Every structure is written in structure tokens, then in C-alpha cells.
Amino acid sequence: MSKTNNNYKLTDTAAHFPEHGPLDEQGREILLSVKNVDIFFGKKQNQVKAVQNASFDIYKGETFSLVGESGSGKTTIGRAVVRANSCTNGEITYKGVRISGKIPHSLDREVIRNIQMVFQDPAASLNERATVDYIISEGLYNFHLYENEADRVAKVEKIVEEVGLLPEHLTRYPHEFSGGQRQRVGLARAMVMEPELVVADEPISALDVSIRAQILNLMNKFKEERGTTYLFIAHDLSIVRYISDRIGVIYKGRIVEVTTAEELFNYPLHPYTRSLISAVPLPDPDLEVNKVLYTYDPSIHDYSDGDEPQLTYIGHDHYVYGSQKEIEEYKAIREKGEPLKVLSVVGLNTPEPTAEELEEMYTPTETFTARPVHDKGGTLCGIPSFLLPILGLIAAFLFRKKNYMRNYHACLKGAIYGFITWAVLIILLLLLMLRATLQRGRIRNYFIYEAFLQKGPVFIQTGPNC
């Protein structure tokens with residue numbers, strides 16, 4: 001997404017990482033770059049497009065947060081960075097070296113060594129049969145990052161104390177700890193490797209509020225002392241605002257806005273970003289009750305074939321996803337320099353809504369699910385289409401017109417299998433008829449031959465007297 005220094009040549013097939021990554025136009029070192037990445041699961045009509053054309057850069061020493069609702073593709077991107085998910089299209093580079101797709105074994109080990117992950121569920125990500133000592137030391141064992149046993153013990157005890165645990169905790173098992181303590185163990189397991197980049201996949205969503213603050217302070221501590229870079233995945237903008245240097249907003253697999261934290265909260269240009277900010281709870285219950293939520297409606301966009309939306313740079317280190325017409329509008333709003341009002345509280349900065357506005361406000365703009373209720377696509381559609389494939393094709397056409405996509409696929413599949421079955425049956429019937437005809441011909445010839453042998457040759461006389 002950023003323009004790199006022309007003097008730096010990207011290495012595509014290197015066996016090791018260089019000491020430094022490429023620089024952007026402002027002289028910042030690009031540690032990780034996600035370029036036009038697509039991540040799809042499944043095939044044909046069952047294919048799920050989890051991530052589409054995602055692009056962003058993470059600079060060395062910063063905290064880049066990826067924010068979006070559940071199922072938007074945040075974790076999918078994070079798992080692709082640590083090579084747990086493969087990219088369908090695009091590429092991911094680390095220090096200018098491609099780490100997505102097939103890479104040398106030596107480079108794969110360096111990815112594991114330099115990029116660590118902290119998982120959302122601390123209970124599921126720890127081995128219940130192993131002690132905390134072994135869990136934290138496993139990476140040290142695999143990469144032999146210690147001189148002797150005393151050095152390993154010293155490293156483990158040091159990182160345990162840094163995350164707020166005690167040395168006697170090393171002989172215990174994960175089930176003996178609370179959720180916050182288990183998350184500290186997960187953080188210690190990642191940080192003992194001294195990684196340059198940590199992918200934190202919602203590491204505080206399952207924790208209490210007070211424990212959340214402690215984990216975030218630990219992460220900031222490692223960032224200041226070790227220069228650790230974070231890809232922080234979350235859905236709560238109220239937390240992300242205070243720990244992030246830059247924020248990327250993702251909606252249904254597409255990056256819709258990327259900018260600095262303060263810029264995003266002062267100038268949330270994309271409507272989906274405004275809806276996320278308006279959903280941040282207010283500490284005052286009276287204000288929270290009177291708050292007017294902004295609901296994002298994707299139908300407000302008019303993306304024609306000639307004006308495809310793109311993630312575009314509009315200045316002020318700000319990228320927004322939209323068509324050319326929308327980008328011009330976003331630029332005009334940003335150039336005014338007036339912060340946008342996103343939080344609307346009735347009686348404070350918003351007048352009382354009228355009856356028509358209330359009705360429009362509480363009328364759902366889109367259904368909970370895009371498919372109709374009776375769009376089951378079961379055997380009631382497939383079996384009749386199999387028996388009567390022509391009627392099945394007609395039904396499939398009608399279902400598709402009404403957006404009953406599951407019924408459409410069931411009817412279409414049943415009709416195709418029906419045509420194939422009927423074709424095979426007709427071919428077999430024709431072959432049997434042909435075989436029976438040939439068999440009758442053989443029998444007739446046999447009887448004529450028998451009659452010839454018994455009676456002798458029969459001469460047929462021809463002439464005027466016959």
C-alpha cells in the first residue's frame with residue numbers, strides 16, 4: 001500500500017531475512033506488508049470469500065490494530081501472517097521478503113522465530129498436560145535459544161517475572177490458573193522468543209476489565225523496552241484507541257479505512273467506521289440511554305461497473321475504500337478540517353427526534369439474513385428435480401429470481417443428476433432394443449437354415465406359366 005524506496009530491492013526467494021526492511025516515502029521501516037490478499041475457503045458454490053483484496057503496512061515499532069465485527073476476517077488475516085492460512089491471491093512480505101505461499105524451510109523457521117502469536121482463548125491455546133515451565137520453554141528447545149540449562153532457566157524465570165507471575169508457578173499446570181494468569185503464560189511463551197512482530201488475536205476479550213488493563217500495560221511495556229511490533233486484532237474501538245498507533249477497519253473481508261488512531265476518531269469518513277464508533281459504550285448511563293446509534297446500511301453505496309471501489313489515499317496518512325465519486329466527497333470533508341460528530345446524544349448535542357425519524361430509526365434497513373426464511377435447499381427440492389429435470393430447471397430459475405439460492409442450487413443439482421440418469425437409462429434401453437432386434441434376426445435366420453437342411457433347396461421357377 002505504501003510506496004517503498006526504489007533503492008531497496010524486494011527479495012522474493014531469499015533464504016533469510018535482511019537486517020532491515022524497506023522504507024516508505026517518510027523514512028519509516030516497513031516490517032510487514034499485506035498486498036492485495038484474497039483468502040477463500042471451499043470451492044464453487046460453497047466457496048467462502050473470507051478476505052478480499054486486503055492491503056496494509058505495519059511499520060517497525062508500532063501497534064497496528066485491525067478492527068471489525070465478528071466474522072469480518074480479522075483472525076483469518078492474522079493466521080495468514082503466521083502462515084497458518086494460505087493466501088488465494090496476493091502476497092504477504094516481511095522485511096521485503098515474501099512469506100506467503102511456498103518458501104524455503106530455513107525461511108519458514110525464521111518466520112516462526114520472528115513472528116509469534118497470542119491467542120484469544122488462553123485455555124485452549126495451552127497444553128493442559130504440560131507444566132508452565134515446558135510451555136514457555138518449548139520455543140527455546142525447538143530453536144535452541146539458550147547456552148545451557150542454567151541459561152534456559154534464567155530466561156524462563158525472567159520472562160515469568162516480567163509478565164507478573166512467580167517462579168513457583170513454573171511447576172503448575174494451566175488448569176490451576178485463572179483466565180488472566182493463563183493469558184500471561186501465553187504472552188510469556190511468545191515474548192521469550194524475543195520476536196520482532198507479535199500477532200495478538202483479541203488477547204483481552206475473554207478477560208475482566210481490570211485484567212485487560214494489566215495485559216495491555218504489559219504489551220506496551222514490551223513495546224517500549226524491546227521495540228516489539230504488534231498486529232492487534234480486536235472489535236472494541238474504546239480499547240484500541242489508546243494502544244494503537246494506526247488502525248485498520250475491516251468489513252466483510254475488505255479493508256475500508258486505514259489511518260492513525262486520532263485521525264480515525266476525528267475524521268471517520270467511511271460509514272461503517274462511524275457505526276463502530278457510535279457503538280462504543282459511554283461510561284455515563286444517562287448519556288448511554290439517550291445515545292443515538294448510527295446504523296451502517298451497505299445499500300447506500302452505488303458501485304456501478306464503470307466506477308469500481310478501491311482503497312485510496314486521500315492525504316493525512318488516511319486511506320478510505322470507496323468509488324471515485326465517494327473518494328472526492330471524502331477528500332472534501334477532510335480538507336475542511338472540521339472533526340466529524342459521530343456520537344449523538346439526545347438533549348446534549350442532538351435535538352429530540354420526530355415521530356417520523358423515530359420510525360425510520362427503529363425500522364431495520366436490512367434483514368438479519370440475506371436469504372429468505374424458507375430457503376432450506378433440502379431434499380424436497382432435489383428429489384422432484386431429479387425425477388422431473390425439466391421442471392427442476394424451471395423451478396431453479398424461479399428460485400434464483402427470488403433469491404432462494406439454496407433452493408436454486410438444490411434444484412439445479414437435482415436436475416443435472418436427473419438429466420444424466422435419464423440419459424443413461426435411455427441409452428441402455430436403446431442398446432437393449434438393438435440387442436433384441438439382432439437376436440430376433442439371428443433366430444429367424446436359424447429357422448430358415450434348419451428348414452433348408454430338412455427339405456433341401458427350394459427352387460423358385462420363373463416364367464410365363466408361373
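At what angle do helix α5 and helix α6 pack, and how far apart are their axes?

**Entry 1: the helix pair.** I worked from a predicted model. I looked up helix α5, residues 179-191, and helix α6, residues 209-226. Their packing angle is about 15°, and the axes lie 10 Å apart. Angles under 35 degrees count as roughly parallel, so α5 is roughly parallel to α6. I noted the crossing of α5 and α6 as right-handed.

**Entry 2: the residues in contact.** I then listed the residues that make this contact. From α5 they are G180, Q183, R184, L187 and M191. From α6 they are I211, Q214, I215, L218, M219, F222 and R226. Sorted by class, the contact of α5 with α6 comprises seven nonpolar, three polar and two charged residues.

Entry 3: I turned next to the strands. Strand β1 covers residues 30-41 and strand β2 covers residues 48-59. I recorded that β1 and β2 run antiparallel and are joined by eight bridges. In this pairing, V34 stands opposite F56 of β2. The two strands β1 and β2 form a hairpin, with six residues between them. In the turn I checked G42, whose phi is positive, at about 85°.

**Entry 4: the other pairing of β1.** Which strand pairs with β1 over five bridges? I found strand β4, residues 89-94, paired with β1 in the antiparallel sense. Within β4, E91 is the bridge partner of K35.

Terms used. Residues numbered from 1 in each chain as written. Predicted model: local features only at pLDDT ≥ 70, side-chain atom pairs only at ≥ 80, totals over all residues. Heavy atoms only, no water. Axes fitted to C-alpha atoms, helices over the stretch in contact; angles between N-to-C directions. Helix = DSSP H or I, 4+ residues; strand = E, 2+ residues; numbered from the N terminus. Parallel < 35°, antiparallel > 145°, perpendicular 65-115°, else oblique. Left-handed = near helix turned anticlockwise from the far one by under 90°. Contact = heavy atoms within 4.5 Å. Nonpolar A, V, L, I, M, F, W, Y, C, P; charged D, E, K, R; others polar. Pairing = 2+ DSSP bridges.
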